[in-house]
Amino acid sequence: MATSVLVVDDDPVFRALAGRVLANGGLTVVGEADSVAAARAAAARLEPSAVLVDVGLPDGDGFTLARELTALPWHPRVVLTSVDGDAGSAEEVASTGARAFVPKADIPGAPLAQLLAAD
């Protein structure tokens, strides 16, 4: 079964780019969200197996959202991203339950399929 991914970012251009990168990696983008509130609703509706989350969202931060997502009953895998490559320490990222932090500039070459796919 293909990995279903929800992309959470307030930039529609980045969401489109991320969608192409994920699809090229064999993942299926099942939805997009542009805020924490929209991400919560989409995750509840879609139950994605993985979520790509921007750290900076207009109505909250991606670290808190990642903690909420990884605590959901189906435990989606989460990867955090940001234009700021130093947005969070390794400890902060690990404390969210996220699998990794990938700077946005590195997304095209990042091993997203491996990071977001099931073990």
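Glu47 sits in the loop between H2 and E3; helices here are DSSP runs of H or I with at least four residues, strands are runs of E with at least two, and both are numbered from the N terminus. Its phi is positive, about 45°, although Glu47 is not a glycine. Most residues other than glycine have a negative phi. Glu47 is partly exposed, with a relative accessible area of 47%. On that scale, buried means under 20%, exposed means over 50%, and partly exposed is in between, with a 1.4 Å probe and protein chains only.

His75 also has a positive phi without being a glycine, about 50°, and its place is the loop between H3 and E6.

A word on the source. This is a predicted model, in which local features need pLDDT of at least 70 and side-chain atom pairs count only at pLDDT 80 or more, while totals for chains, interfaces and linings use all residues. Residues are numbered from 1 along each chain as its sequence is written, and side-chain values use heavy atoms, with hydrogens and water left out.

Now the fold. The protein chain has 5 helices and 7 strands, in the order β-α-β-α-β-β-β-α-β-α-β-α from the N terminus. The radius of gyration is 12 Å, close to the 14 Å from the globule rule for 119 residues, so the chain is as compact as a globular protein of that length. That radius is taken over C-alpha atoms, and the rule is 2.2 Å times the number of residues to the power 0.38. Buried residues are 48% of the 119.

Which residues touch the most other members of the largest nonpolar core? They are Val8, Val51, Val53, Leu65, Leu69, Val78 and Leu80, out of 20 residues in that core. A nonpolar core is a set of buried Ala, Val, Leu, Ile, Met, Phe, Trp, Tyr and Cys residues joined through side-chain atoms within 4.5 Å. Two or more residues each come from strand E1 (4–8), helix H2 (36–46), strand E3 (50–54), helix H3 (62–70) and strand E6 (77–82). A second, separate core has 15 residues, including Val79, Ile107, Ala110 and Leu112.

Take Val53 as an example. Beyond its neighbours within four places in sequence, Val53 is in contact (heavy atoms within 4.5 Å) with Val8, Gly62, Leu65, Leu69, Val78, Val79, Leu80 and Thr81.
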